[in-house]
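Student: I would like to learn how to read side-chain features from a coordinate file. Can we take them one at a time?

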Amino acid sequence: MKGKLMLDGFDPTVEGKHLYDLRPLVPADDTLKEDVICIIRNGEGPTALLCGGIHGDEYEPQVILRQLIDEIAVEDVRGRLIIIPTINPPASQRGSRVSTIDGQNMNRSFPGNAEGTGTERLSAFLHDVVFPLTDLLVDVHSGGGDYFVVPMIFGFTGPECGVDEAGLDRIMDGWGYPIVQYVEGIASTSAGASPLVGVASVEIEGGGGRAVKSSELAIMREGILRGLHAYGVLATGPGGMSRPPIRVAVSAENNHAAPSEGLIEHRVDLHDRVEAGDLLAVLHPAAGRTGAALEIRANGPGIVLRQRARFFVGKGELICGTGNLRM
């Protein structure tokens, strides 16, 4: 099997449900508690990989994927389902977005390095060992501590992938999420790196803002089960959504950043539709003698997809992200 990193007893070909401890991948930190990769194999069929916790402070995916390890039985699977609730234990076990071992953002570290730092080793294991087993990567994210995010899905494929553009659209529609987003991939991210080695990917987002809400957990959970059933890895799944998704395109002009540090007051809500020039937020001064605020206005028409959750924002940090309606 490709890749220098391996776990004791790791055998993705055997039938049944099997769990393997990820701690040997990070030998530099002997304080980590157990975190696992679970492989459920039941006969012939596609292989889907559910991966959470690349950003350690995004806890909704970790909660749901641990529950699914407990709940999904071997007979529920058609083919192979790989579940990694927390691929970045040095971050997630300490409430941090990035690794506390090396300070790296794991979602900018692919393809990784099997002989590198803790983050680079975890990325290399995913890229070199797990991706070659996989037909579809489902990279599960949330807003974490920094953002509120609408439930949305986006994806990537390439010429070597078993899923083409039309098939990817069908997979994303099968999730039943209200927003399907179209955005350029970044090769150093998990979802951007996998198509380069023949693995189609979808990334789902939603929730966040330093509080885990039951309603947002339910949306994420049902979307995962619905999407995996539509893809054919799960024998059953919940019913579909009644409305077709809204399709949006996102580019650099949709990201509205803070021109200076300050305190954010949002003037729109998630899901709101805005026009060019509409007031998205005001940025109050965090220091000084004046209370005069700066206005943050929309660069163009779109739907509000993402908002900064923290009150204080630094210069250049994202305040609000929108998406343009795709006709």
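Tutor: Start with aromatic pairs: rings of Phe, Tyr and Trp (its six-membered ring) pair if their centres lie within 6.5 Å, and planes under 30 degrees apart count as stacked, over 60 as edge-to-face and the rest as tilted. By this rule the count comes to four aromatic pairs. The ring centres of phenylalanine 10 and tyrosine 20 are 5.1 Å apart with the planes at 65°, so this pair is edge-to-face. This is a predicted model, where local features need pLDDT of at least 70 and side-chain atom pairs count only at pLDDT 80 or more, while totals for chains, interfaces and linings use all residues. Residues are numbered from 1 along each chain as its sequence is written, and side-chain values use heavy atoms, with hydrogens and water left out.

Student: Are phenylalanine 10 and tyrosine 20 buried or exposed?

Tutor: Buried means under 20% relative accessible area, exposed over 50%, and partly exposed in between (1.4 Å probe, protein chains only). Both phenylalanine 10 and tyrosine 20 are buried. Phe10, Tyr20 and Phe125 form one aromatic cluster.

Student: Which geometry does the pair of phenylalanine 110 and phenylalanine 131 have?

Tutor: That pair is stacked, at 6.4 Å centre to centre and 15° between the planes. Phenylalanine 110 is buried, with a relative accessible area of 6%, and phenylalanine 131 is buried at 1%.

Student: How is a charge over a ring assigned?

Tutor: The criterion is NZ of Lys or CZ of Arg within 6 Å of the ring centre and within 35 degrees of the ring normal. Arginine 326 has its charged end over the ring of tyrosine 182, 3.8 Å from the centre. For arginine 306 over tyrosine 147, the distance to the ring centre is 5.6 Å.

Student: What partner does arginine 306 have in a salt bridge?

Tutor: A salt bridge needs a side-chain nitrogen of Lys or Arg within 4 Å of a carboxyl oxygen of Asp or Glu. The partner of arginine 306 is glutamate 205, with the closest N and O atoms 3.4 Å apart. Glutamate 205 is buried at 7% relative accessible area, and arginine 306 is buried at 18%. The structure holds twelve salt bridges. In one of them, arginine 221 meets glutamate 71 at 2.4 Å, N to O. Helices (H or I, at least four residues) and strands (E, at least two) are DSSP runs, numbered from the N terminus. Arginine 221 lies in helix α6 and glutamate 71 in helix α1, so the bridge ties together parts 150 residues apart in sequence. Arginine 221 counts as partly exposed at 24% relative accessibility, and glutamate 71 does too, at 43%.

Student: How many residues of α3 are buried?

Tutor: Twelve of the 13 residues in α3 are buried. What covers them includes β2, β3, β4, α2 and α5. The expected span of a helix is 1.5 Å times one less than its number of residues. From first C-alpha to last, α3 reaches 17 Å, close to the expected 18 Å.

Student: What makes a nonpolar core?

Tutor: A nonpolar core is a set of buried Ala, Val, Leu, Ile, Met, Phe, Trp, Tyr and Cys residues joined through side-chain atoms within 4.5 Å. The largest here has 37 residues, and Ile224 is among those with the most contacts inside it. Helix α6 gives the largest share of this core, six residues. Contact means heavy atoms within 4.5 Å. Not counting residues up to four places away in sequence, isoleucine 224 touches residues including Leu50, Leu68 and Trp175. A second, separate core of 30 residues includes Leu25, Ile84, Ala114 and Val199.
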